[in-house]
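Here are my notes for you, colleague to colleague. Keep the viewer open and click along as you read.

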Amino acid sequence: VQNAQQTYVGRDATIKASAITAGDGGRVIVWADGDTVFNGEIFAEGGTTSGNGGFVEVSGQQNLAFDGNVVVNAANGSVGTLLLDPTNILISNTNSSEGVESSLPQIL
């Protein structure tokens, strides 16, 4: 199985793997062997009456730029899991990357 070298999820992209009434949220993996840029949304919620939140992985083996939204809630079950798994990650509480050097390529 070949893996992507680069993965890009744009701001207008929404991935849905949620249960509706009963059941667990689904499993979503966004992965690249190189760089991943994630700006979209993923929903993997448990059902409204029963079920647990799902599993979401957003990973870039080399680099990960994550500026999106992931929802793995469960109204009547356990919250799901979000796994971020890059070689390097910068966590910041600002909206600016000013002064932060990035080796991520520009993907259009």
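1. Let's start at T14, which has its place in strand β2, residues 14-16. Strands here are DSSP runs of E with at least two residues, and helices are runs of H or I with at least four, numbered from the N terminus. T14 is partly exposed, with a relative accessible area of 40%. On that scale, buried means under 20%, exposed means over 50%, and partly exposed is in between, using a 1.4 Å probe and protein chains only. Leaving out residues up to four places away in sequence, T14 touches E41 and F43, where a contact means heavy atoms within 4.5 Å. T14 and N69 sit 55 residues apart in sequence, yet their C-alpha atoms are 9.4 Å apart in space.

2. A word on what you are looking at. This is a predicted model, in which local features need pLDDT of at least 70 and side-chain atom pairs count only at pLDDT 80 or more, while totals for chains, interfaces and linings use all residues. Residues are numbered from 1 along each chain as its sequence is written, and side-chain values use heavy atoms, with hydrogens and water left out.

3. How confident was the predictor? pLDDT is its confidence in each residue, from 0 to 100. The mean for the protein chain is 86, and 81% of the residues reach 70 or more. Watch residues 103-108, though: pLDDT is below 50 there, and the stretch has twelve contacts in the model beyond near neighbours in sequence. Where pLDDT is low, the predicted coordinates should not be read in detail.

4. Now the overall build. The protein chain has nine strands and zero helices. Of its 108 residues, 32% count as buried. Take the contacts with a separation of 6 or more: 77% of them come from residues 24 or more positions apart.

5. Next, find the open sheet of three strands, in the order β1-β4-β7, with parallel pairing. Two strands pair if DSSP finds at least two bridges between them. At the edges are β1 (6-9) and β7 (63-66), each pairing on one side only. Strands of a sheet pair through backbone hydrogen bonds, either parallel or antiparallel.

6. You can check the bridges one by one. β1 and β4 (residues 35-38) pair in the parallel sense over four bridges; T7 has T36 as its bridge partner in β4, and V9 has F38.

7. F38 deserves a longer look. At 0% relative accessibility, F38 counts as buried. Not counting residues up to four places away in sequence, F38 touches V9, V58, A65, F66, D67, G68, N69 and V70.

8. How many aromatic pairs does a search of the whole structure find? One. F38 and F66 form it, stacked, at 5.3 Å centre to centre with 20 degrees between the planes. F38 lies in strand β4 and F66 in strand β7, so the pair ties together parts that are 28 residues apart in sequence. For the rule: rings of Phe, Tyr and Trp (its six-membered ring) pair if their centres lie within 6.5 Å, and planes under 30 degrees apart count as stacked, over 60 as edge-to-face and the rest as tilted. F66 is partly exposed, at a relative accessible area of 29%.

9. The largest nonpolar core has eleven residues, including V9, V28, F38, I42 and L64. Such a core is a set of buried Ala, Val, Leu, Ile, Met, Phe, Trp, Tyr and Cys residues joined through side-chain atoms within 4.5 Å. β3 (27-32) and β6 (55-60) each supply at least two residues of this core. In soluble globular proteins, nonpolar side chains tend to be buried together.

10. Last stop: S59, in strand β6. Is S59 buried or exposed? S59 is buried, with a relative accessible area of 0%. Leaving aside neighbours within four places in sequence, S59 is in contact with V30, W31, A32, T36, L83, L84 and D85.

Note on methods
pLDDT is the predictor's confidence in each residue, from 0 to 100.
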